[in-house]
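Trainee: I would like to go through this model with you, one question at a time. Please show it first.

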Amino acid sequence: MILGMTNGNENLINKIVSLMETDSSVDAPQDAIKWAKNIFRTRAVQPEKSLMQKVLAVLQMDLSPNKAAFGERSASAGQARQMLFQAGEISIDLRIAETEKGFNLRGQILGEGFANCTVKVGKFETKSNDLSEFSFTEIPSGKYDLTLQTEETEIVIENLIF
Amino acid sequence: MDVSSTTKIEFSAKGLEKSDAELIKNCRRGDEAAWDTLVSRYQRLIITIPRRAGLSEEQASDVFQEVFLTLFEKLDEIEQPERIRSWLVTTSKFKTWGIIRGQKNLYSPETEEEMEAEMASLLDKSPLADEVLIELEQQHQIRTALQELEERCQKILSMIYLRDAAASYAEVATAIGVGETSISPMRSRCLQKLAKILAK
């Protein structure tokens, strides 16, 4: 018996030794192994199927700075451009304000499931907070797609012009 | 001592099975290195089944290629990647039996169930009997586990137990550059490490 071994361990080791001693297996011919490895080279990699639902948001309202919405007093109009988008049951409220260093974008996603989601504007990326609010600062002028991503859904607002 | 036929000990080796599942997963993503590892890992087991059953080297190579071609074609359909070893053994067994049956001009089972029944009726000691194949699988598991040991342990255990003519302690000592008296305790420690991997 090997020192420090229990009976169960000894039985296992005896079995391993016995199987090794009676192992008469042989290697496959090298050309067969090479053939088997090569067949994989013909495999076209299939992109993983994505179950993510992609939804395009539609513009519902677009108010320029200092312009009140229909039915509101002009005093209530803000300094930022306000836009409201709809994507299914989700609404996205955006406020875009121009500054000396670029554009500041604030937004809120109104609907279930977008707290702490990924928000992208072009190459800029952030996360929404617990109230599904997000913000970016100093975005250079240009045309951008804004995307809101959860594990199941991606909402896209195309061609936002700052 | 033929312990394998008298002692009921199953290898768990879940770590190794998990690796198999990971290999299949990576193959599905197009990872060539994973496929190469899979072929290297199982080539010996797959070719040994038809060779043990008495097929010629050429026929065994045909079985070998058919098995890996089937695996390649069904890569995305295999439902339990962690059980790929059993899948490969069964596929190799069926294809081997197909050739043997053809040589004997036996009828061809039309359904998989009929084939299963036919295979189940094989005598216990026949080359394709479950008992024999389980032993082959366990020998495969040992060889795979051996690869996880450090090089020195691999060499010691391979030289002592896996060679056709087992090496003497003096030969092993020379090969690894230690004194002959060190071999016995080193061998014991290596066996314990191997057992630990297989019992995980």
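Mentor: One definition comes first: two strands pair if DSSP finds at least two bridges between them. Helices (H or I, at least four residues) and strands (E, at least two) are DSSP runs, numbered from the N terminus. This is a predicted model, in which local features need pLDDT of at least 70, side-chain atom pairs count only at pLDDT 80 or more, and totals for chains, interfaces and linings use all residues. Residues are numbered from 1 along each chain as its sequence is written, and chains are lettered from A and ligands numbered from 1 in the order in which they are written.

Trainee: Which residue of β10(A) stands opposite A:Leu56?

Mentor: Four bridges join β1(A) to β10(A), residues 153–161, and the two strands run parallel. Within β10(A), A:Ile155 faces A:Val55. Opposite A:Leu56 stands A:Val156.

Trainee: In what sense do β9(A) and β10(A) pair?

Mentor: A hairpin of three residues joins β9(A) to β10(A). A:Gln149 has A:Glu154 of β10(A) as its bridge partner. Over six bridges, β9(A), residues 143–149, pairs with β10(A) in a sense that is antiparallel.

Trainee: Which strands stand at the edges of the open sheet in chain A?

Mentor: Five strands of chain A form this open sheet with mixed pairing, in the order β1-β10-β9-β6-β7. Neighbouring strands are turned by 20° against each other on average, direction ignored (axes are lines fitted to C-alpha atoms). An edge strand has a single partner, so one side of it is left without a neighbour in the sheet; the two are β1 (53–56) and β7 (124–127) of chain A.

Trainee: Is A:Val58 buried or exposed?

Mentor: A:Val58 lies in strand β2 of chain A, residues 58–63. Leaving aside neighbours within four places in sequence, A:Val58 is in contact (C-beta atoms, placed from the backbone, within 7 Å) with A:Phe85 and A:Gln86. A residue is buried if 20 or more other C-beta atoms lie within 10 Å of its own, exposed if 12 or fewer, and partly exposed in between. Because A:Val58 has 11 C-beta neighbours inside 10 Å, it counts as exposed.

Trainee: Which element gives the most to the side of chain B that touches chain A?

Mentor: The contact takes 38 residues from chain B and 29 residues from chain A. Among the elements that each supply at least two residues of the chain B side are α1 (3–6), α3 (32–52) and α4 (57–74). With eleven residues, the element that gives the most is α3(B).

Trainee: Within what arc do the buried residues of α8(B) fall?

Mentor: Those buried residues are B:Ile156, B:Leu157, B:Ile160 and B:Tyr161. The arc is that of the directions from the helix axis to the C-beta atoms. The buried residues line one face of α8(B), because seen down its axis they fall within an arc of 90°.

Definitions and conventions. Contact = placed C-beta atoms within 7 Å. Axes fitted to C-alpha atoms, helices over the stretch in contact; angles between N-to-C directions.
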